[in-house]
Amino acid sequence: VYKRQVEPWVAYVGTLFGGVYKTESNAINWEQKSIGIDVPFIFPLFVDPTNTATVYAGAVGKIYRTVDAGESWVPLTGALPYGIVSQLALDESTGALYASSDGFGIYSSGDGGASWVQALSGAGVEERSPLLISEVDPSVLFAGTLGTGISRSADAGSTWAPSNTGLDLFVRSIAIDPVNTDTMYATSIGAGVFKSADGGLSWEPKGVDDGNLFNVAIDIQTPSTIYVGTVEGVSVSTDSGDSWDNLAFRAPFIFDSFTDPSNPADLYAVGASAKVYKSDSGGKNWTVLPRNGLPTDNLLSGAINPVSGALYVGSENFGVFKLDAGKRNWESLGPGNLPIETKITDIVIPEQGGVIYIATTGAGFYGSLDGGENWIPLNAGIPSIEGAVLKVDPFDGGRLFAGVYNDDPAAAGLF
């Protein structure tokens with residue numbers, strides 16, 4: 001997505017199957033603007049700040065340009081490697097173009113895209129490297145990498161040097177303060193946000209402890225306000241990164257949600273990256289529970305023991321985990337005698353609390369009489385071991401309903 005700063009109600013969006021779309025109504029209405037684009041996948045978009053009718057669009061192995069605000073597009077004639085063009089940058093003073101090509105590195109063009117030369121390559125550069133040009137000195141470039149940190153060039157990409165002091169080496173995104181260009185921010189994979197006050201020479205961590213951060217953006221009118229995309233949504237800082245808040249509960253990968261039987265106002269949700277969420281306000285506000293002892297794995301299911309209050313979650317590859325009431329460390333309950341790497345797709349605990357039932361993908365259904373230490377298969381009479389869902393009769397805790405799926409309709413259904 002690229003939003004024009006001169007006319008903030010105008011924005012362009014690159015899509016995976018429909019080319020480019022444009023809005024001139026602050027995202028209320030959209031119109032496809034793809035005449036001349038002969039591929040369905042468009043990745044980055046870049047509006048020329050000196051002439052907003054000129055827009056660049058990156059695809060696979062090529063770049064398109066429009067000079068009439070999206071009414072028509074032509075491909076730049078220079079040949080690029082057949083990789084996704086994931087980043088674009090423009091030197092306003094010279095017109096030089098820079099492109100990050102996934103799998104091949106950073107390329108530059110001094111003739112409007114008629115020809116390209118490789119400016120940076122090597123380990124870590126080939127994976128969607130973020131690319132920035134200094135607004136004070138356009139000959140200064142920054143390129144982020146997944147594994148070797150940030151590289152800095154002071155000669156328009158001819159030579160590069162590391163700029164990593166204090167920085168995590170897996171960099172996903174970079175941003176430069178538009179007012180004080182010595183101030184920079186970078187997001188990492190697994191180590192949070194980093195800030196530099198000296199133009200990238202040294203860095204310090206600035207929080208947002210999340211397993212996977214995405215873009216970082218700076219409010220151009222209030223540069224002390226920083227936005228960071230995370231797997232949970234968006235985090236914001238209004239004090240230049242000293243503290244952070246989540247804009248809202250936005251966890252895009254939630255696989256199960258459930259209530260505490262003894263207190264229905266307490267809601268729980270489990271999802272990607274071993275995240276367990278709890279709300280004690282009926283869903284208005286959420287907190288992330290401690291992950292101590294949980295593997296970095298997707299959590300697919302969960303349940304509360306109505307007697308002990310213990311919280312159980314089922315993972316995608318590592319079995320079942322339990323968090324006792326009042327504790328902060330999770331205990332692994334498996335896989336025990338469950339098949340290795342079994343997906344726990346459902347967990348059910350009757351009101352009596354003495355038995356735990358689970359549904360799995362590839363191993364069917366199991367029950368445990370000892371809190372999850374040992375598991376007993378419950379697949380007699382079920383023609384498929386592709387368990388999907390399991391429910392207990394609320395009036396008879398010994399009566400179960402099992403939903404299974406299979407490519408053969410005769411082996412799928414409710415049992």
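Over how many bridges do strand 29 and strand 30 pair, and in which sense?

1. Basis. This is a predicted model: local features need pLDDT of at least 70, side-chain atom pairs count only at pLDDT 80 or more, and totals for chains, interfaces and linings use all residues. Residues are numbered from 1 along each chain as its sequence is written, and side-chain values use heavy atoms, leaving out hydrogens and water.

2. Strand pair. Strand 29 and strand 30 (residues 311-315) pair over 5 bridges, in the antiparallel sense. Strands are DSSP runs of E with at least two residues, numbered from the N terminus. Two strands pair if DSSP finds at least two bridges between them. Ser-301 has Gly-314 in strand 30 as its bridge partner.

3. The order is 29-30-31-32, an open sheet of 4 strands with antiparallel pairing. Strand 29 (299-304) and strand 32 (331-332) are the edges, each pairing on one side only.

4. Lys-322. This residue sits in strand 31 (residues 320-323). Lys-322 counts as buried because its relative accessibility is 15%. The classes are: buried under 20% relative accessible area, exposed over 50%, partly exposed in between (1.4 Å probe, protein chains only). Setting aside residues up to four places away in sequence, the contacts of Lys-322 include Tyr-312, Trp-330 and Glu-331. Contact means heavy atoms within 4.5 Å.

5. Positive phi. Ser-273 lies in the loop between strand 26 (263-271) and strand 27 (276-279). Ser-273 is not a glycine, yet its phi is positive, about 60°. Ala-274 is in the loop between strand 26 and strand 27. Ala-274, not a glycine, has a positive phi of about 55°. Ser-273 is partly exposed at 23%; Ala-274 is buried at 3%.
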